[in-house]
Amino acid sequence: MTDAALVLEDGRVFRGEAYGALGASLGEVVFSTGMTGYQETLTDPSYHRQIVVQTAPQIGNTGWNDEDDESGRIWVAGYVVRDPARVPSNWRSRRSLDEELTRQGVVGVAGIDTRMLTRHLRERGAMRAGVFSGDELAPAEEMVERVRTAPEMTGADLAGDVTTPRPYVVEAVGGRRFTVAALDLGIKSNTPRMMAARGIEVHVLPLSSTVEEVAAVNPDGVFLSNGPGDPATQAHAVELTRGVLDRRIPLFGICFGNQILGRALGRDTYKLRYGHRGINIPVIDVATGRVAITAQNHGFALEGEPGEEFGSDFGRVQLSHYCPNDGTVEGVRALDVPAFSVQYHPEAAAGPHDAAPLFDEFVTMMDEGR
């Protein structure tokens, strides 16, 4: 076994064994509470430049297949697990998780006490870190110094790294009922698939698209996707969103898209202590009191109080959803223009499907807008 270490910027060093590729990788260390869906997590562009710690003790038992990727590659900067499965066991498995991490050059570490590490991150907050193995292992002081030279997530402009370089179309299933222009801030593959199943032809557009290019699609609606980094860096996406609101085109956003819509409506964002990442996070709808168990992955959130109403350049707005664990705002709804968004993932790959009807709500909004 080859030695490896996870090194945090506060000086803590967690030693284990190499898992995946050998080398060194820097990023923000965060934890995910999902007990399944590691393939979707690893390939989610929202995890760009993050070192993901899995709180579930055993990872890799279903191997790696060729159907469940949420994008064309693994995006995490590093991977930390406690007890990797020795042999994958699933009829769709094509290779082990360890093999895929190695093939894609993702540096990982296994054998870490992830429970202790997670408690540390809950107390101290997400922070910069590095995974080191093989020839990159060095005295602790040197590794800590390398970690402290890495860029922080606050102020990180990352959506441009993950957006599609050119537009593409996902055809509607069973005949086109609607056309949607989806701004790719780091979109997951299952999102256009969920819309296509509802008769939506999805035009996925690069982040650099102008409001005129969006309008050229002649969309019935506009979608703002999930994505990585600090929403405060996305001046272009915010301005584009304001242009869509001005034209009263029905708009739906998720995750990063929720923060973009919120900023377009005049609200600031802030960095959470350790974020929400997992597939078991409760959210309450202010209007109905209904609880949904949701999939989430975000380290930033909108400012405000659950249920709060405020004025904007586009009329009245309500902060429509919140997380009962900590009171974090989890949704925004414009009351005078057709726009709403949520901080969680209704496409939920992998995860619960409580929020899937939000796509139906988007369909209803587009139908009413005709």
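Is His-345 buried or exposed? At 3% relative accessibility, His-345 counts as buried, where buried means under 20% relative accessible area, exposed over 50%, and partly exposed in between, with a 1.4 Å probe and protein chains only.

Before I go on, some housekeeping. This is a predicted model, in which local features need pLDDT of at least 70 and side-chain atom pairs count only at pLDDT 80 or more, while totals for chains, interfaces and linings use all residues. Residues are numbered from 1 along each chain as its sequence is written, and side-chain values use heavy atoms, with hydrogens and water left out.

Back to the histidine. His-345 sits in the loop between strand 20 (339-342) and helix 10 (357-368); helices (H or I, at least four residues) and strands (E, at least two) are DSSP runs, numbered from the N terminus. Under "active site", an unreviewed UniProt entry lists His-345 together with Cys-255 and Glu-347. UniProt positions are given in the numbering used here, feature names are shortened, and the annotations may be inferred rather than shown by experiment. The three are spread over 93 residues of sequence, yet they cluster in space, with a largest C-alpha distance of 11.1 Å. From this set, His-345 is part of the lining of the largest cavity.

A word on terms. On a 1 Å grid over the protein atoms alone, a cavity is a set of points where a 1.4 Å probe fits but cannot get out, and a pocket is an open set with protein on both sides within 12 Å along at least five of seven lines; lining residues have an atom within 4 Å of a point.

What does His-345 touch, not counting residues up to four places away in sequence? Its contacts (heavy atoms within 4.5 Å) are Lys-188, Asn-226, Ile-254, Cys-255, Ala-295, Gln-296 and Asn-297. The side chain of His-345 also makes a polar contact with the side chain of Glu-347, at 2.7 Å. A polar contact is a pair of N or O atoms within 3.5 Å; within protein, one must be able to donate a hydrogen and the other to accept it, and residues adjacent in sequence count only if both atoms are side-chain atoms.

Glu-347 is in the loop between strand 20 and helix 10, and at 1% relative accessibility Glu-347 counts as buried. Beyond four places in sequence, Glu-347 touches Lys-188, Asn-190, Thr-191, Met-194, Ile-254 and Phe-359. With the side chain of Lys-188, the Glu-347 side chain makes a polar contact at 3.0 Å.

Next, the largest pocket. It holds about 320 Å³ of space, with grid points joined across faces, edges and corners, and the volume being the space filled by probe spheres set on the points. Of its 15 lining residues, Asp-285, Arg-290, His-321, Asp-354 and Leu-358 are the closest to the centre. Strand 15 (269-285), strand 16 (291-302) and helix 10 each supply at least two residues of that lining.

Last, two backbone points. Arg-49 is not a glycine, yet has a positive phi of about 65°. Arg-49 lies in the loop between helix 1 (38-42) and strand 4 (50-54) and is partly exposed, with a relative accessible area of 26%. Arg-248, also not a glycine, has a positive phi of about 60°. Arg-248 is in the loop between helix 8 (235-246) and strand 14 (251-254), and is partly exposed at 48% relative accessible area.
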